[in-house]
Amino acid sequence: MAEKFKITGGETLRGEVSIGGAKNAVLKHLAATILVKGKTKIYNVPHLTDVDIMLNVLSDLGAKYIYNKEEKSVEVDASNITSITAKYELVSKMRASFIILGALMSRCKEAIVALPGGCAIGERRVDFHIKGLEALGAKIKIENGYVHAKASKLVGTDIYLDIPSVGATENLMLAAVLAEGSTRIQNAAQEPEIIDLANFLNTIGADIIGAGTSEIIINGVKAENLHSAEYTTIPDRIEAGTFMAAVVATKGKAIIRNVFPAHLTFFNDKLIKMGANIKLIEPTTIEVSCRGRLNSINFVTQPYPGFPTDLQAIAMTLLTTANGVGIITESLYENRFMQVPDLRRMGADIHQDRNHAIIKGVKNLTGATVAASDLRAGAALVIAGLMANGETIVEKLHHIDRGYEEFEYKLQKLGGKIYRYNDETETQIKGVFNESRL
Ligand code: EPU
């Protein structure tokens, strides 16, 4: 069944929206639950297909879980781990499942995890993950598309990452939790999701300091020091940025709840330079508004705290109708301008040269049929549809469902004319919309 969004552009978004738990944090917490020989409960878990995939990975390993979608919680019981293999069928669907490698190495000292391939946005290698595990003492073979890692014991050491990779930092943190002695990760990623993983691990009994800086120290603890715990995941900064952009794009005004503004400093600054107003109402509530045409800006995507690559496509959509010319340099991925051909089909004037895009603001976009090529490009096209004159059809929604919970319902609640329909029967899909959950 092919599901699509039908969007009628031109509505101003107004009202309130609440942001869910951070996808890129919760996936790692779920992987980390297998370190505990017992139950761990995580709150603020968004309902996303990526979460379902990670739960399937855990279940294949022998862990049991209860996913309470109303409460937005998952309880994992990892008392018995019966397998050390993460299958290609799951890892190929979601690269983030590769994070199970570090968790399995901690718990079982052996892991067989499918190597993720390249993906739509770039090559996305895992060489730093592998080199780091080898430095901790693992012997690694790559056979038949799988990484087979084994160690009689892991011993803490100094690991320098050539670039501050989020996934490598997380995999190595996980692997080092039960290592002998201390591990120091230098040039570590500093994303809020790294801090959240360290906080989660410390809550279950690990000893990690420095997360959020470029040097993280993991003092190894004994397996018996790890214990059951409950933990609440941070809000999703990329979902928050997406809704902020959607409000700004439609010249609207909305209250955004359950957001940590400090996680979006760079993005907020750029939105303000474009002409948006952002007011702090409460520590985790902001009001975003915008009147008149936006100004163009230039930006370069960077590891945190720089401009997030995951908001690049979304910001590009804002630039398509801004006053003047904006230049974007994508420095993290080789191929993250997949949205450009579809934005052009909607009337945008974009010149792309390798990892640079030059966007000359046009007066308005016009609706067209477009397709999500990855999660964030998909969100960018939805926002373009909300801005455009006329009707936009967005195809390949499975990409969007990986990372945005109840996306269309949240937008509808703000006044957006967007609905999901079944292409074959032309009927609207109502889904599990429940006002009280938004
Ligand atoms: N890289 C290597 N070798 C490695 C690891 C990374 O060359 O061993 C390169 C990658 O090819 C990429 C760059 O380093 O060009 C950054 O990759 P990183 O490892 O930091 O990213 P990731 O852990 O694979 C996470 C998020 C991405 C987000 C990036 C950067 C998750 C599940 N994914 O990916 O999120 O773009 O960090 O912030 O946490 C998304 O949510 O849409 C998404 C793609």
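In what order do the four strands of the open sheet that contains β6 and β8 stand? The order is β6-β7-β9-β8, and the pairing is mixed. Before I go on, a word on the source: this is a predicted model, in which local features need pLDDT of at least 70 and side-chain atom pairs count only at pLDDT 80 or more, while totals for chains, interfaces and linings use all residues. Residues are numbered from 1 along each chain as its sequence is written, and side-chain values use heavy atoms, with hydrogens and water left out.

Two terms first. Helices (H or I, at least four residues) and strands (E, at least two) are DSSP runs, numbered from the N terminus. Two strands count as paired if DSSP finds at least two bridges between them.

β8 runs antiparallel to β9 (residues 146-150), with five bridges between the two. One of the bridge pairs is Ile-142 with Val-147 in β9.

There is another open sheet of four strands, in the order β2-β15-β17-β16, again with mixed pairing. Here β2 (14-18) and β16 (277-282) are at the edges with a single partner strand each, so one side of each has no neighbour in the sheet. From one strand to the next the twist averages 20°; the axes behind such angles are lines fitted to C-alpha atoms, for helices over the stretch in contact, and angles run from 0 to 180 degrees between N-to-C directions. β16 is joined to β17 (residues 285-289) by five bridges in the antiparallel sense, and Asn-277 has Ser-289 of β17 as its bridge partner.

Next, β5 (residues 73-77). β5 pairs with β3 (residues 39-43) over five bridges, antiparallel, and with β4 (residues 64-68), also antiparallel, over five bridges. Val-76 in β5 is the bridge partner of Thr-40, and Tyr-65 stands opposite Val-76 too. The β4 and β5 hairpin has four residues between the strands, and Lys-72 takes a positive phi near 55° there.

Phe-299 has its bridge partner at Ile-328 in β19. With helix α10 (residues 312-319), these two strands make a right-handed β-α-β unit; right-handed means that, with the strands pointing away from the viewer, the path from the first strand over the helix to the second runs clockwise. β19 also pairs with β21 (residues 356-360), antiparallel, over five bridges, among them one from Val-325 to Lys-360.

Now the ligand. How many residues surround the ligand? There are 21, the closest being Lys-28, Asp-127, Ser-165, Asp-310 and Leu-332; a residue is near a molecule if one of its heavy atoms lies within 4 Å of it. By type, the shell divides into eight nonpolar, five polar and eight charged residues. Each of α1 (23-32), α5 (127-135), α6 (166-176) and α12 (375-387) supplies at least two residues of the shell.

A polar side-chain atom of Asp-127 is 2.7 Å from a ligand nitrogen atom. The ligand on its own has 830 Å² of accessible area (Shrake-Rupley method, 1.4 Å probe), of which the protein covers 87%.

Definitions and conventions: Polar contact = N/O pair within 3.5 Å; in protein donor to acceptor, adjacent residues only side chain to side chain. Nonpolar A, V, L, I, M, F, W, Y, C, P; charged D, E, K, R; others polar.
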